Amino acid sequence: MTRFGSGALGRLRAAMAASVAGALLLAGCSGAESGGGDPQSGGTLRVGMSSEVTTLDPAKGSANAMALTGYAIYDTLMKVEEFGDEPTPNIAESMEANEDFTTWTMKLPSGLKFSDDTPFDAAAVKFNIDRHIAPDAASTAAALLSSVESVEAPDATTVVFTMKQPDASLPYAFSYDGSGTAGYIASPTALQEYGDDYTDHASGVGPYMLESWGPGKDTVLVRNPNYWGEEEPYLDRVQIRLIEDEQQRFQALQAGDIDYAPTINPTIMLQAQNDASLNFVQGVGKDQDAVAFNLTKPPFDDIRVRRAVSMALDRDEIVALTKEGLADPAVSLFPESYPFHNDHEVPGYDLEQAKSLVAEYEADTGNKVSFTYMCRPTVNTTDVIERQLAKAGMDVKVDVQETTTAVSNFIAGKYDAACWAMAGFLAPDQLPYRFFHSSGDLNSMGFDNAEFDALVDEARGTDDQEKRKQLWSDADGILTEELPWAWTTGMPAGFVYSERVHSVDLEEPGRLRYSVPTINNVWLAD
């Protein structure tokens with residue numbers, strides 16, 4: 001048996017840890033003195049977020065929208081402590097593969113119960129995973145688990161995964177990265193009893209339990225008195241408030257109306273750094289913004305128009321005008337700090353060539369390059385990108401939609417072009433696979449490339465790090481040629497919080513690899 005964390009994949013930790021060492025030097029706390037001392041129990045944490053929960057069913061809805069709340073209610077089977085670490089057991093006690101990664105065996109603790117008193121056992125894990133891999137499933141974890149043929153529970157503490165093809169990266173799917181829900185295990189009793197009304201009765205084994213939620217209302221969590229972890233949760237309650245506008249969220253922090261909030265707005269990050277009443281920390285996650293194209297209809301079913309967009313984007317200007325020196329241009333799937341980084345790049349800025357491609361397309365088809373560009377109010381690059389594309393002769397109508405609506409429309413493919421982001425990922429077998437593999441649940445672009453699929457499927461099946469890197473490099477070359485996305489810039493992720501808020505995550509920025517905050521180990525000082 002191969003225990004995950006050994007062998008060639010084990011070298012990934014060292015490579016990725018080294019790649020973020022410089023970032024950690026820049027990501028420390030600023031603003032108010034962060035203090036320290038021993039953790040204290042009690043109190044209510046008030047968090048401001050840009051989108052609200054629409055469901056807490058792990059097999060439905062947006063993983064991003066339920067990330068903060070889902071992680072608090074369910075915890076995860078496996079975990080990755082810091083950027084660059086390998087998955088290690090969390091709720092699970094172990095996860096081991098056979099020699100060719102065609103079978104994985106997970107061992108679970110005994111005696112654990114969901115908050116509704118249902119036993120947490122192998123049958124419960126099987127029930128949840130079967131929902132994700134069912135042929136008609138619309139789960140956000142379906143692509144992450146697409147290599148799984150079947151799941152068996154031979155006894156109460158053993159889960160056996162039989163694979164369709166070798167998959168050396170499977171434990172990553174059960175770890176928290178904010179983009180997938182395979183590691184969230186919900187009470188089978190509650191799922192079957194309440195059906196579509198499950199969210200009102202969500203039940204997991206995480207440090208917090210759901211007290212109340214609803215459209216337009218705060219989501220309220222309370223401490224789980226029977227949490228299985230060595231340290232019980234510190235907070236009595238967590239109140240999660242929808243404040244979509246970044247500036248309003250920051251003002252709520254300044255006024256003391258909330259305690260903790262994420263931000264992707266560089267201007268607010270600078271304001272927070274200079275506010276003596278608040279603390280700020282920048283995470284090490286390497287999110288990247290892009291323009292995503294709907295390849296199933298004109299004009300983006302034509303590669304010339306996709307290339308024209310990429311060539312019309314002056315990424316240096318976008319960074320200079322919108323990123324406050326906190327990000328770099330993005331040119332491929334892997335930022336420079338990633339060990340999978342390669343030399344492939346999307347077509348760079350060339351305004352005259354962009355104009356020529358637009359003119360050629362219009363002459364050949366008799367149609368104007370006219371489209372709607374869907375975006376969200378939290379993204380501050382929209383106006384600059386619209387202006388740059390117009391200079392190349394494109395007719396662009398900007399449609400700024402509320403975040404929850406934009407996410408729903410993106411997943412449904414209801415757009416011409418969309419501003420979208422690739423969140424920092426633990427391994428390319430996760431988010432990139434979901435966005436660009438033809439079977440990916442997030443592949444709403446209609447990108448279907450058999451060579452790309454074969455490369456990334458092969459990469460899943462090996463723990464030879466150099467081979468994985470080469471396979472993903474070749475796959476990235478296809479992305480930069482076929483352009484389902486045109487990369488624009490990096491997107492810094494920051495976290496602003498009051499002097500009362502403390503957490504090991506905030507004190508060790510290497511743990512902040514995603515733009516959604518975690519609350520599982522937060523405590524409040526008097």
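Guide: A charge sits over a ring if NZ of Lys or CZ of Arg is within 6 Å of the ring centre and within 35 degrees of the ring normal. This is a predicted model, in which local features need pLDDT of at least 70, side-chain atom pairs count only at pLDDT 80 or more, and totals for chains, interfaces and linings use all residues. Residues are numbered from 1 along each chain as its sequence is written, and side-chain values use heavy atoms, leaving out hydrogens and water.

Visitor: What makes R376 a charge over the ring of W420?

Guide: The charged end of R376 sits over that ring, 5.0 Å from its centre. R460 likewise lies over the face of Y433, at 3.7 Å from the ring centre.

Visitor: Why is the pair of Y74 and Y184 called stacked?

Guide: Rings of Phe, Tyr and Trp (its six-membered ring) pair if their centres lie within 6.5 Å; planes under 30 degrees apart count as stacked, over 60 as edge-to-face and the rest as tilted. The centres of Y74 and Y184 are 5.5 Å apart and their planes at 25°, so the pair is stacked. Both Y74 and Y184 are buried, that is, under 20% relative accessible area, where exposed is over 50% and partly exposed in between (1.4 Å probe, protein chains only).

Visitor: Why is the pair of F334 and F425 called edge-to-face?

Guide: Their ring centres lie 6.0 Å apart and the planes stand at 75°, so this pair is edge-to-face. F334 and F425 are both buried.
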